[in-house]
Amino acid sequence: MTDTQWKVFEVFHQQARGEPHVHVGSVHAPDAEMALVLAKEQYARRQACVNLWVVPAEAIMATSYQDDDIFDKATDKSYRESWGYKTPKTISHEATEARRPEDT
Amino acid sequence: MTRTFETLLSLDAPTRQAIVDLLYRLADDAMIIGHRDSEWTGLGPILEEDIAFSSMAQDEMGHAHVFYQMLCELGQPDPDTLAFNRKPREWRCCSLVSLPAERDWALAIVRKFLYDAAESVRLAALSDSALRPLAFAATKLRGEKKYHLMHTRAWVLRLGAGTSESRARIQAALDAVYPHALGMFEPTEADEVLAQADIAPREKQLRREWESAAAPVLAEAGLVVGDNVRPVFGGRVGRHPEALSELLTRMQLVYQLDPQAKW
């Protein structure tokens, strides 16, 4: 069946300045500006929000679930995990960033 | 000079009456456009728009409630009574908001765009009102109204620049509603009193500001406003199209079954 809907835009919601934008869902819209207008009322009419992003779904390159074994750890890699440290919330986000695979 | 409601008792009767008149116009416009737009719930062109338009219709009723509450504090009946127990001739809304959209999306959009543009300039002006509770309320409502205008502006531009059919339909809708839109600025006896007291600007000034705000968007959408359009007046003195009576009958139906009921 042909898709008669408008393009899909993925919506990312930011609850407060400095917080990460979190994916909350998607909207159909003919273009990005309209997607933002519609996303506001779908995803920010109840919870607090200071900023929204919309991204064309087609711009997203994703891995396949068939290949999710690429994420398996073949050997014990717990040495890569930083635990046992108490970090205030303000820097825990940076700590998460620091754990990106290319940094390990 | 700034004024709170407490000091209103010391105001002369014409000023008090002018404030009450202004609040009725603000509240009734918002209540009726809110009801009209709520008629689209379940019928919007796509799901996302259906949700957004319905949510904004609720916003409008919220704005109405703010002004009805202020009226109540000024000795008028409570908000429920004002919304559900008044006869058509007691309403002070303009005819623009009373018009049925008859499942004409272009009309619903262009009507709401013209209303949102007017409300934006009105609320901006009232944010500086010498009547402090009114200035406070106007300031608080401006954010939602800014979004409403973003939304209707986006739709007007896209319907205007869409297909030849969408263009023809929104132009026809604009032609139909524009005389009523001018009626938003129907001069009243309150105008001069409110302007002299720095409570609200004159309607003719608001109309000029509204035209400056709306005209560029209409032009960008490729839409044309006719020359010498004659305004439809009457709403501000209780003369309404028959459509308002029908709307009120439906809107007040449940309340009227038992006005004493406790909810």
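This is a predicted model: local features need pLDDT of at least 70, side-chain atom pairs count only at pLDDT 80 or more; totals for chains, interfaces and linings use all residues.
Residues are numbered from 1 along each chain as its sequence is written, and chains are lettered from A and ligands numbered from 1 in the order in which they are written.

Start with strand 1 of chain A, residues 7-14. Helices (H or I, at least four residues) and strands (E, at least two) are DSSP runs, numbered from the N terminus. Two strands pair if DSSP finds at least two bridges between them. Strand 1 of chain A is joined by seven bridges to strand 2 of chain A (residues 22-29), and the two run antiparallel. Within strand 2 of chain A, Val27(A) is the residue opposite Phe9(A). Strand 1 of chain A also runs antiparallel to strand 3 of chain A (residues 51-56), with six bridges between them. Here Gln14(A) has Asn51(A) in strand 3 of chain A as its bridge partner. In a regular strand the side chains alternate between the two faces of the sheet.

Is strand 1 of chain A largely enclosed or largely open? Buried means under 20% relative accessible area, exposed over 50%, and partly exposed in between (1.4 Å probe, protein chains only). Six of the eight residues of strand 1 of chain A are buried, so the strand is largely enclosed by the rest of the structure.

Next come the charged side chains. A salt bridge is a side-chain nitrogen of Lys or Arg within 4 Å of a carboxyl oxygen of Asp or Glu. By this rule there are 20 salt bridges over all chains. In one of them, Arg158(B) and Asp31(A) have their closest N and O atoms 2.7 Å apart. This pair crosses between chains: Arg158(B) is in helix 6 of chain B (residues 132-160), and Asp31(A) is in the loop between strand 2 and helix 1 (32-43) of chain A. Asp31(A) has a relative accessible area of 24%, which means that Asp31(A) is partly exposed. Arg158(B) and Asp31(A) also belong to a network of salt bridges that includes Glu33(A), Arg153(B) and Glu220(B).

Other salt bridges stay within chain B. Asp29(B) pairs with Arg236(B), the closest N and O atoms being 3.0 Å apart. Asp29(B) is in helix 1 of chain B (residues 13-38) and Arg236(B) is in the loop between helix 9 (203-220) and helix 10 (242-251) of chain B, 207 residues apart. Asp29(B) and Arg236(B) are both buried. Arg122(B) and Glu203(B) also meet in a salt bridge, at 3.0 Å from N to O. Arg122(B) lies in helix 5 of chain B (residues 105-126) and Glu203(B) in helix 9 of chain B, 81 residues apart. Both of these residues, Arg122(B) and Glu203(B), are buried.

Now the cysteines. A disulfide is a pair of cysteine sulfur atoms within 2.5 Å. By this rule there are zero disulfides over all chains. For Cys72(B), the nearest cysteine sulfur is that of Cys93(B), 20 Å away. For Cys93(B), the nearest is that of Cys94(B), 6.7 Å away. Cys93(B) is buried because its relative accessible area is 0%.

Last, Trp263(B) lies in the segment after helix 11 (253-257) of chain B. Trp263(B) counts as exposed because its relative accessibility is 79%.

Terms used. Side-chain values use heavy atoms; hydrogens and water are left out.
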